[in-house]
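User: I am new to this structure and would like to go through it step by step. Could we look at it together?

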Amino acid sequence: MDANGLESLPASELHDRAVRYAVHHGDLGFLWNLLKVIPAAEAASGHDNETANDLSRLSALLSDAIASGEGDLGEALRPIYVEYLRAHPDA
C-alpha cells in the first residue's frame, strides 16, 4: 500500500496491520519500540494516569500494546504504525 493509502487508514487498522506483521515475522524490535513509546503517547493523548502505571508494570504495557490502536492512543501512535508499514509494504 502506498503512503497516501496508509495515511487514510484509521489508527486501529494501522495498529492491527503493524502488530500482526511484527508478530508474524518475529520483529521484537518493533514491538519493543512500541512498548517504549506507549507511555509518552498516553501522556500526549491526555492519559497521564496510565503513564505512571505503564512505567512500573510490564503487564500493563503488554495489555496496552494489544489495544494501542484504539481512540486517542491509536491516533498518538499513528506515525509509528505508518513508518513501520512504509518500511514493510507487504504488511
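Analyst: The conversation below covers helix packing and then aromatic rings. Please note that this is a predicted model.

User: Good. At what angle do helix α3 and helix α6 pack?

Analyst: Helix α3 (residues 28-44) and helix α6 (residues 71-87) pack at an angle of about 150°. Their axes lie 9 Å apart. With angles over 145 degrees counted as roughly antiparallel, α3 is therefore roughly antiparallel to α6.

User: And which hand does the crossing of α3 and α6 have, left or right?

Analyst: The crossing of α3 past α6 is right-handed.

User: Which residues make that contact?

Analyst: From α3, the contact is made by Phe30, Asn33, Leu34, Val37, Ile38, Ala41 and Glu42. From α6, the residues are Leu73, Ala76, Leu77, Ile80, Tyr81 and Tyr84.

User: How do the residues of the contact divide into nonpolar, polar and charged?

Analyst: In the contact of α3 with α6, eleven residues are nonpolar, one is polar and one is charged.

User: What about α2 and α3, how far apart are their axes?

Analyst: The axes of helix α2 (residues 11-24) and α3 are 8 Å apart, and the two helices pack at an angle of about 135°. α2 and α3 are therefore oblique to each other.

User: Which residues are involved there?

Analyst: Ala18, Val19, Ala22 and Val23 of α2 make the contact with Phe30, Leu31 and Leu34 of α3. The residues of this contact of α2 with α3 divide into seven nonpolar, no polar and no charged.

User: Changing topic: how many aromatic pairs does the structure hold?

Analyst: There are two aromatic pairs in the structure. In one of them, the rings of Tyr21 and Tyr84 have their centres 6.0 Å apart and their planes at 65°, so the pair is edge-to-face. The pair links distant parts of the chain, since Tyr21 is in helix α2 and Tyr84 is in helix α6, 63 residues apart.

User: Are Tyr21 and Tyr84 buried or exposed?

Analyst: Both Tyr21 and Tyr84 are buried. For Tyr84, the relative accessible area is 7%.

User: Which residues do the ring pairs link into a cluster?

Analyst: The cluster linked by ring pairs consists of Tyr21, Phe30 and Tyr84.

Notes. Residues are numbered from 1 along each chain as its sequence is written. This is a predicted model: local features need pLDDT of at least 70, side-chain atom pairs count only at pLDDT 80 or more; totals for chains, interfaces and linings use all residues. Side-chain values use heavy atoms; hydrogens and water are left out. Axes are lines fitted to C-alpha atoms, for helices over the stretch in contact, and angles run from 0 to 180 degrees between N-to-C directions. Helices (H or I, at least four residues) and strands (E, at least two) are DSSP runs, numbered from the N terminus. Angles under 35 degrees count as roughly parallel, over 145 as roughly antiparallel, 65 to 115 as roughly perpendicular and the rest as oblique. A crossing is left-handed if the near helix is turned anticlockwise from the far one by less than a right angle, and right-handed if clockwise. Contact means heavy atoms within 4.5 Å. Ala, Val, Leu, Ile, Met, Phe, Trp, Tyr, Cys and Pro count as nonpolar, Asp, Glu, Lys and Arg as charged, and the others, Gly among them, as polar. Rings of Phe, Tyr and Trp (its six-membered ring) pair if their centres lie within 6.5 Å; planes under 30 degrees apart count as stacked, over 60 as edge-to-face and the rest as tilted. Buried means under 20% relative accessible area, exposed over 50%, partly exposed in between (1.4 Å probe, protein chains only).
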